[in-house]
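This report describes selected elements of the structure shown below.

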Amino acid sequence: MLAFTLRRALQAIGVMIAVGVISFAMFRFAGDPVSQIVSIDTSAAERASIRQSLGLDDPVLVQFGRYFINAAQFKFGVSYQFRLPVADLLKERLPATLELAVCATILAMVFGILMGVYSALRRDTVLAKLFQAVSLVGISLPTFLIGILLIYLFAVTLGWLPSFGRGQVVKLGWWTTGLLTLSGLKALILPSITLGLFQMTLIMRLVRAEMLEVLRTDYIRFARARGLTTRAIHFGHALKNTLVPVITVAGLQFGSVIAFSIITETVFQWPGMGLLFVQAVQNVDIPIMAAYLLMVSLIFVTINLVVDILYTVVDPRLRATVSRAS
Amino acid sequence: MTQPVLSVRDLEVEFVTRRAVLHAINGVSFDIAKGEVLGVVGESGAGKSVTGLAVIGLIDPPGRISAGQIELSGMRIDHLPPEEIRRIRGKRIGMIFQDPLTSLNPLYRIGDQIIETIRTHTNLGESAARKRAIDLLAEVGIPAPEKRIDGYPHEFSGGMRQRVVIALAICAEPELIIADEPTTALDVSVQAQIIALIKRLGRDHGTAVMLVTHDMGVIAETCDRVAVMYSGRIAEIGPVQDVVRNPLHPYAKGLMGAIPTLAGEDKRLVQIPGSMPRLSAIPPGCPFNPRCAFVFDRCRVERPEPVKHGTQAVACHLFAPATESAA
């Protein structure tokens, strides 16, 4: 088990090195950073000194080595646009994005699994068919459109919820949270729904399909022949087997929730990393873009690792394969 | 005679499909006495498994029991509400399915599955149920049961898994065990062990056993009586040695002729020409008439009812009472 985890961790480091190369390459191919910083009337001497102070006149390999060592210590350089260390900017924005992503995922998981189980067990009811129809909308409508529609309905027309921002936040050390104030919680509702809706419909459809599949298996028939209660069969035997593939998808989706939060954050002007990234793209602020790329891949890789380990916790057959392989 | 453990009378099961109503079981009647092993034999689709599922109340829509009655020790069970038939399943009737590899939930320890079943049907506490589970595993011949009880299904071989399945089927001391082709998915050598085990358990506990199979060897070895099914009906039923040595129904004759003998003359085994009609195209009269070597006019129009013939009962016009055949 330990060997398995270590091997997976090594693979994860390999992926991170590859991403590091790509994000470093962005500096070389997205134009001359110096001309982004300076104004038109800056003298050539000044430009040279800036170039030197940023280390841009060193050989590429030296620059890459330096970049890499710094990145490993979460030093991503200084933003061209804010003149602040990128790491600080990200750290400041991280709580907003993570809170939004976690909320959206919990929302998606809870409602997705509930609706999926319901529409599998009561396949022919009106409600189950309604869930199916609504889920089609959730899957096919683009996120920004859903966000705008929600804003139009709940913020503009009804005026119940704020249309942008995070509301009031409370500082807990370096972490800022909107979960402790009423305005923060209210501000969280619409973006969470927008961001989680796609995942929710995905999980719902997956749970429904898996559950129907599991209910047809021999061990469920045998469980019925043993006279177990319907509750024990549906929510013990069937649901546990259903959740094995759901864990993978939900886990991987958490990564894309963070990555896709770019759109939701833009629509709701949510002060998270996604919004920071979009602004960085507009201003060609390469250090932020590169750091964002690294951050997102780190999150993806970590989630993958956790999902792999979770698998073996849920499914004893994998535990056996894993220990045999190591 | 004492009351039979299982008494099935004129059972009919139909499946309602969009195009037609298919009659899977057409008037099946039989009894199983305490401690008796009844073999049910026939080709695929003859209605053997459906009969077993009907008895335990596991016919799922679109299928349903449309007529007849099923009595378990004198108590009618075919029209019970779902919750009451559930209480009978696993407690008074145990069931063993064909494929032990897929009968157990892969994510649960076998001990947990046994304990869960015991605790569903009895008032035993967790530790008492665990002790009982270990005893059961020992009884069905699992070595080192106190260790193996914490194993997962994938850690057991096919034969061992079938033993676990049997332990699950008998864990509440049922009056009746329905074994639906319990050995079909197993190696020949393991088959014999499993059959011996079912037979021993039936004898030790006085349990009635309904053994569904298409293996005539298993029938001859294990059963007290045998019912030969064809196209949703019982063609012939009687004590196993009589039916095997002296089959009356032409179809039963064909089946018995298909058993290879150890004496081993190099004769070709008898083969029944054709195949069983599909449920949607059962011919009028005797369903076997298109394949029967002894067919005559009456077979094509009139459905034969089972009639007593010595120890056996046979549904064939060849054996109909003289008064009727004269008509």
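## The sheet of chain B

In this predicted model, chain B contains an open sheet of eight strands, arranged in the order 6-7-8-3-9-10-12-11 and with mixed pairing. The edges are formed by strand 6 (93-96) and strand 11 (307-309) of chain B; each has a single partner strand, so one side of each is left without a neighbour in the sheet. From one strand to the next, the twist averages 20 degrees.

## Helices 5 and 7 of chain B

Helix 5 (residues 126-139) of chain B packs with helix 7 (residues 158-170) of chain B at an angle of about 125 degrees, and their axes are 9 Å apart. The crossing of helix 5 of chain B past helix 7 of chain B is right-handed.

On the side of helix 5 of chain B, the contact is made by B:Arg132, B:Leu136 and B:Leu137, while helix 7 of chain B contributes B:Val164, B:Ala167 and B:Ile170. Classified by residue type, this contact between helix 5 and helix 7 of chain B has five nonpolar residues, no polar residues and one charged residue.

## Helices 5 and 11 of chain A

In chain A, helix 5 (residues 86-121) and helix 11 (residues 273-282) pack at an angle of about 130 degrees, with 7 Å between their axes. Helix 5 of chain A and helix 11 of chain A are therefore oblique to each other.

Helix 5 of chain A takes part in the contact through A:Leu89, A:Leu90, A:Arg93, A:Leu94 and A:Thr97, and helix 11 of chain A through A:Met273, A:Gly274, A:Leu275, A:Leu276 and A:Gln279. By class, the contact of helix 5 with helix 11 of chain A has six nonpolar, three polar and one charged residues.

## Confidence of the model

The model has an ipTM of 0.84 and a pTM of 0.78. For chain B the mean pLDDT is 85, and 95% of the residues of chain B reach 70 or more. Residues 323-327 of chain B have a pLDDT below 50, and this stretch has four contacts in the model beyond near neighbours in sequence.

Key. Residues are numbered from 1 along each chain as its sequence is written. Chains are lettered from A and ligands numbered from 1 in the order in which they are written. This is a predicted model: local features need pLDDT of at least 70, side-chain atom pairs count only at pLDDT 80 or more; totals for chains, interfaces and linings use all residues. Side-chain values use heavy atoms; hydrogens and water are left out. Axes are lines fitted to C-alpha atoms, for helices over the stretch in contact, and angles run from 0 to 180 degrees between N-to-C directions. Helices (H or I, at least four residues) and strands (E, at least two) are DSSP runs, numbered from the N terminus. A crossing is left-handed if the near helix is turned anticlockwise from the far one by less than a right angle, and right-handed if clockwise. Contact means heavy atoms within 4.5 Å. Ala, Val, Leu, Ile, Met, Phe, Trp, Tyr, Cys and Pro count as nonpolar, Asp, Glu, Lys and Arg as charged, and the others, Gly among them, as polar. Two strands pair if DSSP finds at least two bridges between them. Angles under 35 degrees count as roughly parallel, over 145 as roughly antiparallel, 65 to 115 as roughly perpendicular and the rest as oblique. pLDDT is the predictor's confidence in each residue, from 0 to 100.
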